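This briefing goes through one protein chain by topic.

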Amino acid sequence: MGCQRMTNWERCLSFTLSQEGGWSDNPADPGGATMKGITLGTYTRWQRANGQPDPTKDALRNISDATVATIYYTWYWLPSGAGSMPWPVNLAVFDLAVNGGVGRSDQAIAEVGLNFNAIMDWRLAWYKRLDGWPIFGAGWSRRVRMLIAYAAEYKEEEDKKTMLDANCQAFKVDQNGKVVGVELGITKIENAKYEVYRVRLRDEYEAGGQTIAACTVVDANGISTGDQVRLTWPGSQPPFENSGLPGNPNNVHIITNGYTPPKLGPLALHVGGFNAPISDIVYGIGLPFNRHVSFDVVFREKSSIIVPPPVDSDLGERVADLETWAREISAEYPDGPQYD
């Protein structure tokens, strides 16, 4: 039926954790004691910021996966700006921020811009200037190569991206703390009658306090079909556990379910019956941090495949026969219409 994709955050975190490994306490490493990329110094600052006692090396060694992910998201993903960048630039920036600090990723962007290949070249050149290059250079170089390979393996599906407006491709808040971007996804359904044509976010400014999903279903010519869009949850593909009734006659659904990014919203939209979609599925719908946002979703009938007519090998002969017949009729009725 379809497949669920990781969010950009999950995809980037997965790579970084695979490279950071587990416990390390190499005296030659300037970072010192480290667990899954979190140094003792970073963990100490985190604990103090949350009113907790300074951790020991043993506490660092037993740090939970949830805490590691939260630290990465709060102190690296968001401050680096990776959450508002496209793939794979977000991967390059986030992993550099973790490995060298947010200041280092900011420096790379300032010098070479948001260009994936340029950032990777900049990173390798920076490594070579470090005193630890003779000891750690081989591992650092391997990490760069593996990141490039990983980026290519998980190349974004451009057909899905064209359906999602830019403000539906990554969670983002502006300088006023308002939600101006979310991350949604699309699940392709085999032999679906309708495809997702366009999805856009009405951010906190535009929504004006509303929390709705305004849906439209049109045929291949853009004319409304009157088909109803179903709201269902949770997840990105059948089988879903629950389903609301179709929206009102105007295909408008009220959205009440909040969620906490970087997780995706729990709701999905599609045309068709419960667990019987006849369209592709938009998922990740919800209210980030319970903020008031809304969505506009358009489903369009897939264009018909035009099959060319078969070639009639006897067409010339049959046309010649018709011409002969027409001349004979013209000769028999000279006062009637004549075939020239």
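At 17% relative accessibility, Glu204 is buried, under the 20% limit that defines the class. Its salt-bridge partner is Arg291, with the closest N and O atoms 2.8 Å apart. The model described here is a predicted one.

**Salt bridge Glu204–Arg291**
- Arg291, at a relative accessible area of 29%, is partly exposed, whereas Glu204 counts as buried.
- The closest N and O atoms of Glu204 and Arg291 are 2.8 Å apart.
- Glu204 belongs to helix 10 (residues 204-207) and Arg291 to the loop between strand 16 (287-288) and strand 17, so this pair ties together parts that lie 87 residues apart in sequence.

**Other salt bridges**
- The structure has twelve salt bridges.
- Arg300 and Glu195 form one of them, with 3.2 Å between the closest N and O atoms.
- Because Arg300 is in strand 17 (residues 294-301) and Glu195 in strand 7 (residues 194-202), the pair ties together parts 105 residues apart in sequence.
- Glu195 is buried at a relative accessible area of 18%, while Arg300 is partly exposed at 23%.
- A salt bridge also links the side chains of Arg48 and Asp54, at 2.7 Å from N to O.
- Arg48 is exposed, with a relative accessible area of 53%, and Asp54 is partly exposed at 42% relative accessibility.

- For the pair Glu204 and Arg291, the parts tied together are 87 residues apart in sequence.

**Chain as a whole**
- The chain has 340 residues, and 42% of them are buried.
- Its secondary structure consists of eleven helices and 17 strands.
- Of the contacts between residues at least 6 apart in sequence, 65% join residues at least 24 apart.
- The accessible surface is about 17900 Å², and carbon and sulfur atoms account for 53% of this area.

- Three strands form an open sheet in the order 1-2-3, and their pairing is antiparallel.
- Strand 1 (23-24) and strand 3 (38-39) are the edge strands, each pairing on one side only.
- Two bridges make up the antiparallel pairing of strand 1 with strand 2 (residues 34-35).
- Trp23 has Met35 in strand 2 as its bridge partner.
- In general, the strands of a sheet pair through backbone hydrogen bonds, in either a parallel or an antiparallel sense.

**Cavity**
- The count of cavities of 30 Å³ or more comes to one.
- The largest cavity has a volume of about 120 Å³.
- Its lining is made up of 14 residues, and those nearest the centre are Trp77, Ala170, Phe171, Glu183 and Pro262.
- Helix 1 (8-20), helix 4 (65-80), strand 4 (169-173) and strand 5 (179-183) are the elements that each give two or more residues to this lining.

Conventions
Residues numbered from 1 in each chain as written. Predicted model: local features only at pLDDT ≥ 70, side-chain atom pairs only at ≥ 80, totals over all residues. Heavy atoms only, no water. Helix = DSSP H or I, 4+ residues; strand = E, 2+ residues; numbered from the N terminus. Buried < 20%, exposed > 50% of the residue type's maximum accessible area, 1.4 Å probe, protein only. Contact = heavy atoms within 4.5 Å. Areas by Shrake-Rupley, 256 points an atom, 1.4 Å probe, with all protein chains shown as cover. Salt bridge = Lys/Arg side-chain N within 4 Å of Asp/Glu carboxyl O. Pairing = 2+ DSSP bridges. 1 Å grid on protein atoms, 1.4 Å probe; cavity = no way out; pocket = protein on both sides within 12 Å on 5 of 7 lines; lining within 4 Å. Points joined across faces, edges and corners; volume = space filled by probe spheres on them.
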